[in-house]
Amino acid sequence: MFHSSALLFFALSAIVYGQQIGTLTAEVHPPLTWETCTASGCTSQDSTVVIDANWRYLHITSGTENCYEGDTWDFDICTTTYGVTTSGDALTLKFVTVSEQANVGSRLYLMAPGSETEYQLFHLLNQEFTFDVDVSQLPCGINGALYFSQMDADGGVSRFPTNKAGAQYGTGYCDSQCPSDIKFIDGVANTVDWTPSTNNVNTGTGSMGTCCTEMDIWEANSMAAAFTAHACTVTEQTSCTGTTCSLPNSTQGVCDQAGCDFNSFRLGDTSFFGPGMTVDTTQPFTVVTQFVTSNNESTGSLSAIRRIYVQNGVEIANSETNGGLDAMASAFNTGMVLVLTTSPTDGTAPGDARGACATTSGVPATVEAQSPNAQVIFSNIKVRLNFELESRVI
């Protein structure tokens, strides 16, 4: 179970606005096992997960005065749990959690086995990545996502001296959207031109964004799913401002924000994924993603990304998709961090299938009120080396 003390305390220096560590409570990371597999069998890896720094309580280093209330920084001086539980190889992410105050969603990263200070880096060329998922309690308007981002293994500590917290406290996030709602980027508080939100999502945006290549293995709810390659021209977590950040519906910026996605519903197959359909979302199933190289070696170029589902012992084929493969191959050669999250959507995001959930209001407060018990369960995560394209044992 999650210890509430694990996620409560994070510090902001009122003088330099640098990212520091709170000292009121020790950090405790919930355990999560996963496996690496070869033809001779699978080996269990004992890891932990850590919650993103954006979800943490921010306070001054010398006390408990809050530096951030709602979606606004307190410039004069600059408890809750998050609905996350682990059990063996299973991670449950609840959408809404009410303790002393309401919390919506969460974002977690997988740590390297035996490490409390570094994220696990995945190098998936010529490998197969699989996991089980239960989206039966995840309705329209909510996205349960599992994806890879090209974050620094140490959370940015070695590159940015003002970051004293690092991966141990969930720092260093980036993705292809170059998000500007991250409270600390490059170890510096994102306070310049901070604008509170206007749609009741308890977040604001600053002048800085944080960009990197992203591979969306899974964005889904019980009605639809998508997987998307988002390539970037930058080769590591990189801060941005202005038009250097990726912009919606624009060719400006360093990342392909829209990405190259595969979405069965959007592509016309409206009976493939959902309750009682080919992939029946009322029951758990296995999601298989293969990163196929040109020479069937980890040194080859990425030639295809393939998707297969397995449910009740039956393999369910999906079409192939290609897109942003050169940049994605480079990112996986460097290593990418596994991200697991729940969040509200606007009814048009990949997790809402760009049509399958068109009746969703997209108003976060409405979604939270309508789906207070929503959750997603990810489990049985495996990386398989030297996989067989036509036959395997899951």
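This briefing covers salt bridges, aromatic pairs and charges over rings. The model is a predicted one, so local features need pLDDT of at least 70 and side-chain atom pairs count only at pLDDT 80 or more, while totals for chains, interfaces and linings use all residues. Residues are numbered from 1 along each chain as its sequence is written, and side-chain values use heavy atoms, with hydrogens and water left out.

**Salt bridges**

- There are six salt bridges here, each being a side-chain nitrogen of Lys or Arg within 4 Å of a carboxyl oxygen of Asp or Glu.
- Asp52 and Arg107 make one of them, with the closest N and O atoms 3.1 Å apart. Both residues are buried (under 20% relative accessible area; exposed is over 50% and partly exposed is in between, with a 1.4 Å probe and protein chains only).
- Arg384 pairs up with Glu128, the closest N and O atoms being 3.2 Å apart. That bridge links distant parts of the chain, 256 residues apart: Arg384 sits in strand 31 (residues 375-385) and Glu128 in strand 14 (residues 127-134). Strands are DSSP runs of E, at least two residues, numbered from the N terminus.
- Arg384 is buried at 11% relative accessible area, and Glu128 is buried at 0%.
- Asp261 and Arg266 meet at 2.5 Å, N to O. Asp261 is buried at 11%, whereas Arg266 is partly exposed at 35%.
- Asp152, Arg159 and Glu236 are joined up in a network of salt bridges.

**Aromatic pairs**

- The count comes to 18 aromatic pairs. To pair, rings of Phe, Tyr and Trp (its six-membered ring) need centres within 6.5 Å; planes under 30 degrees apart are stacked, over 60 edge-to-face and the rest tilted.
- Tyr109 and Tyr173 are stacked, because their ring centres are 6.1 Å apart and their planes are at 20 degrees. Tyr109 belongs to strand 12 (residues 106-110) and Tyr173 to the loop between strand 15 (142-149) and strand 16 (184-185), 64 residues apart.
- Tyr109 is buried at 0% relative accessible area, and Tyr173 counts as buried at 4%.
- Phe131 and Phe378 go edge-to-face, with centres 5.9 Å apart and planes at 70 degrees. Phe131 is in strand 14 and Phe378 in strand 31, so this pair ties together parts 247 residues apart in sequence. Both Phe131 and Phe378 are buried.

**Charges over rings**

- A charge sits over a ring if NZ of Lys or CZ of Arg is within 6 Å of the ring centre and within 35 degrees of the ring normal.
- Arg107 lies over the face of Tyr173, 3.7 Å from the ring centre.
- Arg307 lies over the face of Phe227, at 4.2 Å from the ring centre.

Conventions: Helices (H or I, at least four residues) and strands (E, at least two) are DSSP runs, numbered from the N terminus.
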